[in-house]
There are 2 protein chains.
Amino acid sequence: MNVDVVIVGAGLAGLACARAVVKAGASCVVVEARDRVGGRTLSRAIGAGTFDLGAQWIGPTQDRMEALTRELGVATFPTFHEGRKVLDLDGKISTYAGTIPSLSLPRLLELQRVLSKVERMSAAIDLDAPERSKRAETYDAETLEGFKRRSIHSRAVRELLDAAVRVVFGAEPCDLSMLHFLFYLRSGGGLMRLIEIEKGAQERRFVGGAQQVSIRMAAALGDRVRTSAPVRRIDQDASGVTVRGDGFEVRAKRCVVAVPPALAGRIEYSPALPAPRDQLTQRMPMGATVKCIALYERPFWRARGLSGEGVANRGPASVVFDNTTHDAAQASLLAFVVGGPAKTWSTRSEADRKSAILAQLARMFGDEALSPTDYVEHDWSTEIWTRGCPVGLMPTGVLTQFAPALRAPCGRIHWAGTETATKWHGFMEGALESGERAAREALRA
Amino acid sequence: MNVDVVIVGAGLAGLACARAVVKAGASCVVVEARDRVGGRTLSRAIGAGTFDLGAQWIGPTQDRMEALTRELGVATFPTFHEGRKVLDLDGKISTYAGTIPSLSLPRLLELQRVLSKVERMSAAIDLDAPERSKRAETYDAETLEGFKRRSIHSRAVRELLDAAVRVVFGAEPCDLSMLHFLFYLRSGGGLMRLIEIEKGAQERRFVGGAQQVSIRMAAALGDRVRTSAPVRRIDQDASGVTVRGDGFEVRAKRCVVAVPPALAGRIEYSPALPAPRDQLTQRMPMGATVKCIALYERPFWRARGLSGEGVANRGPASVVFDNTTHDAAQASLLAFVVGGPAKTWSTRSEADRKSAILAQLARMFGDEALSPTDYVEHDWSTEIWTRGCPVGLMPTGVLTQFAPALRAPCGRIHWAGTETATKWHGFMEGALESGERAAREALRA
């Protein structure tokens, strides 16, 4: 096979890249290791609905994703959020309205103070080159955990921040460089936007599941998309690039690698990539996320005036959402086991996890939670073509020392994937941005 | 091929493991990706001597290495260290005797204070389970850079610590979890032992180079060692394990993977490894080390009363040693470009690096340094079967969350390599410990 651009990975980034290449009149092929497209989106029919085992929300300012879903005819609907939310603090349940949990006044004040401090700090981050932001070296020498210990004294407030960080990053505050954390917040428009439903990143869901966006893009690309084709090796020479995998070979003028750095580093390159690029791929581990979906006969929590949204400091789940289908045909709750608890619980049996999750849901929303009509879970850390979710993390020192290697082309190879995005880095929106940017680079060259 | 134990990697760990397996009367084969044995040791004839492009020293309490070299008939000799040492601070040169550089009295006091504080802290670390040490979570949430900024106020003292950390870890203080740093110090017997020649880790060198130890072990193992055999895939089933690579296949009862975690993670496993093990391999990046060896007609620095040892806060080299052969037949200086400077300089041309290194050596030791008879350098970050040196690093959060996955067998697979050692972790000594421990595990099973 001989094309202008060969694209590795048929997630949103790779497919968006292929669309842009085709639109410009150039030829391309997308090779994908899995037997399906969509990367970190994965929708499955369960009970009387289709549910997302991967990414599932779209929110304001995610303009590329908005336009694309509209163009492809994928409908969205508001995430259910009427009623009171549940706070599970050390197993003690309380409910609250609005954004801020039901804490004592001193705790509330501390939470508000630290939230505005973090928003202020993140507002100063340069999205195109976070490593050149003011105080970048100081922030990149410290973990979010260190900042938290210095800035927050209430245990409850600390642990609420932990829960938010777990669900956003699939990680613990000790895993994250403060600079990466601030960059990520800025990239998505602030911490509150990242964790909120209303006007936030969880605002709307996709009728029929988020994977449809990729499936429809792939359908339009036709036989340019090849699944079950894991790439093992990329060779560059003076006239082009050769991508080789199990039983196939593609020759092209340019190559776009649209997989997370942790996976890109497992491909063999000849000539070998420059040291900073290889070292970067060793330094962006994927977060740990297990999504647990429980189906019910009816959304019993709604009848009790609860929105289905909940947050907990103890495991297994850190955050819970109402996950009922748009047409209310299938009631469901979605529990996130993320970060530290994902590590602890991933080695237990599914039966253990299930009973612990259901017990927690019962504590939070009522005993009916103990009797689901179905229960499905998905541990992204065990998917070898992703190795964790939602995103590649940056420990301390990575942004200040290696940031340029994230996007800098290596000869004929260009880098895409949401980890290379500047806006909505880590989200589906960022994946689209990265694919389009890589396509521009490859076409220009 | 059908054996009791198949070992992946013919570095010191893999070869020590094979020796132990054979000694116990079991059969084994060692498969090695490179066309040579020795891993991170590599000795090459240059000028009138043989020089180490990789690990090269042995010091007190490295008992396994001591016994093994004696058994194999590899001689050692003291590292030259007579005369004054050179301190290159912002390009300003001074000389000093003894251990501590020529600093002003307040700086000296601060240096002494922080050194004893660090030694005190590291003495409390549990080598078998550093994650269970007192204050482990606090240490693992902080970088060495954060500790440095809090504990040291003099810029000169800070930058001397940077130089020491660069040469020991191939990393910057912001790359390292404080817990990993303290564990590493404790594992080698303290910071001063790690950085010193006399009574330290640089005490003696190998006549003919350190790689000989591996070469002689491999010779004794005969055709049990197969080079140019990169392993791509390891399959486990109820009765055994199958290791597959380019054009070969080995069947065994047990498998020992004796390569750094960053490389072990690039092998495909079936069934997939448990999530914590895979996540660990994403979280232990290799340090960055470029060794630069300049040969001279004579050891001109000795005539000036200098030992050839030097330390610098600015690049390219952070630390310099006399590298003359045991018989004085070939005079040489060895310069380490490590950590941050290795990243900066690795993308420059070899000519640029060479002239910058020689200019620095001239500044430190005299203008004769500008006229070497030969100059050789080795950037371990560009070696695809190592991807960095000297060792796999642990960013914050890794030890407290993933330490058990370092050594815990996964079914029939056991893990060796110096990154799994408890004593002299990161050194040749640790590699031997790890290989012998993995052999015991595999033989017992």
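**Exercise 1. Helix 17 of chain A**

Find which residues of helix 17 of chain A are buried, and state what they pack against.

*Solution.* Step 1. This is a predicted model. In helix 17 of chain A, the buried residues are Met428(A), Glu429(A), Gly430(A), Ala431(A), Leu432(A), Glu433(A), Ser434(A), Gly435(A), Arg437(A), Ala438(A), Ala439(A) and Ala442(A).

Step 1. Buried here takes 20 or more other C-beta atoms within 10 Å of the residue's own. That holds for 12 of the 17 residues of helix 17 of chain A, so the helix is largely enclosed by the rest of the structure.

Step 2. Look for the cover. The buried residues of helix 17 of chain A pack against strand 1 (2-8), helix 1 (12-23), helix 2 (63-72), strand 13 (248-257) and strand 20 (413-415) of chain A.

Step 3. Check the length. Helix 17 covers residues 428-444 of chain A, and at 1.5 Å a residue its 17 residues should span 24 Å. The end C-alpha atoms of helix 17 of chain A are 25 Å apart, which agrees.

**Exercise 2. Helix 9 of chain A**

Decide whether helix 9 of chain A is mostly covered, and name what covers its buried residues.

*Solution.* Step 1. Helix 9 of chain A takes in residues 211-221, and eight of its 11 residues are buried, so to count is to answer: it is mostly covered.

Step 1. Gln211(A), Gln212(A), Val213(A), Ser214(A), Ile215(A), Met217(A), Ala218(A) and Leu221(A) are the buried residues of helix 9 of chain A.

Step 2. Their cover includes helix 1, helix 2, strand 2 (28-31), strand 3 (43-46), strand 9 (204-206) and strand 10 (225-226) of chain A.

Step 3. Go past the end of the helix. Gly222(A) follows helix 9 of chain A and has a positive phi, near 60 degrees.

**Exercise 3. Two open sheets in chain A**

Give the strand order of the sheet of seven strands in chain A and find its edges.

*Solution.* Step 1. The order is 8-7-16-17-18-15-19, in an open sheet with mixed pairing.

Step 1. Strand 8 (92-96) and strand 19 (374-379) of chain A are at the edges, each with a single partner strand, so one side of each has no neighbour in the sheet. From one strand to the next, the twist averages 20 degrees.

Step 2. Strand 15 (residues 289-296) and strand 18 (residues 331-338) of chain A pair in the antiparallel sense over eight bridges. Lys291(A) stands opposite Phe336(A) in strand 18 of chain A.

Step 3. Strand 5 and strand 9 of chain A share two bridges, and Ile58(A) has Arg204(A) in strand 9 as its bridge partner.

**Exercise 4. Strand 17 of chain B**

Identify the residues on each face of strand 17 of chain B, then its pairings.

*Solution.* Step 1. Val319(B) and Phe321(B) lie on one side of strand 17 (residues 319-322) of chain B, Val320(B) and Asp322(B) on the other; all are buried, and both faces are covered.

Step 1. Strand 16 (residues 306-312) of chain B pairs with strand 17 of chain B in the antiparallel sense over two bridges. A hairpin of six residues joins them. Val311(B) has Val319(B) as bridge partner.

Step 2. Strand 17 and strand 18 (residues 331-338) of chain B pair in the antiparallel sense over four bridges. Here Val319(B) stands opposite Phe336(B).

Methods: Residues are numbered from 1 along each chain as its sequence is written. Chains are lettered from A and ligands numbered from 1 in the order in which they are written. This is a predicted model: local features need pLDDT of at least 70, side-chain atom pairs count only at pLDDT 80 or more; totals for chains, interfaces and linings use all residues. The expected span of a helix is 1.5 Å times one less than its number of residues. Two residues are in contact if their C-beta atoms, placed from the backbone, lie within 7 Å. Two strands pair if DSSP finds at least two bridges between them. Axes are lines fitted to C-alpha atoms, for helices over the stretch in contact, and angles run from 0 to 180 degrees between N-to-C directions.
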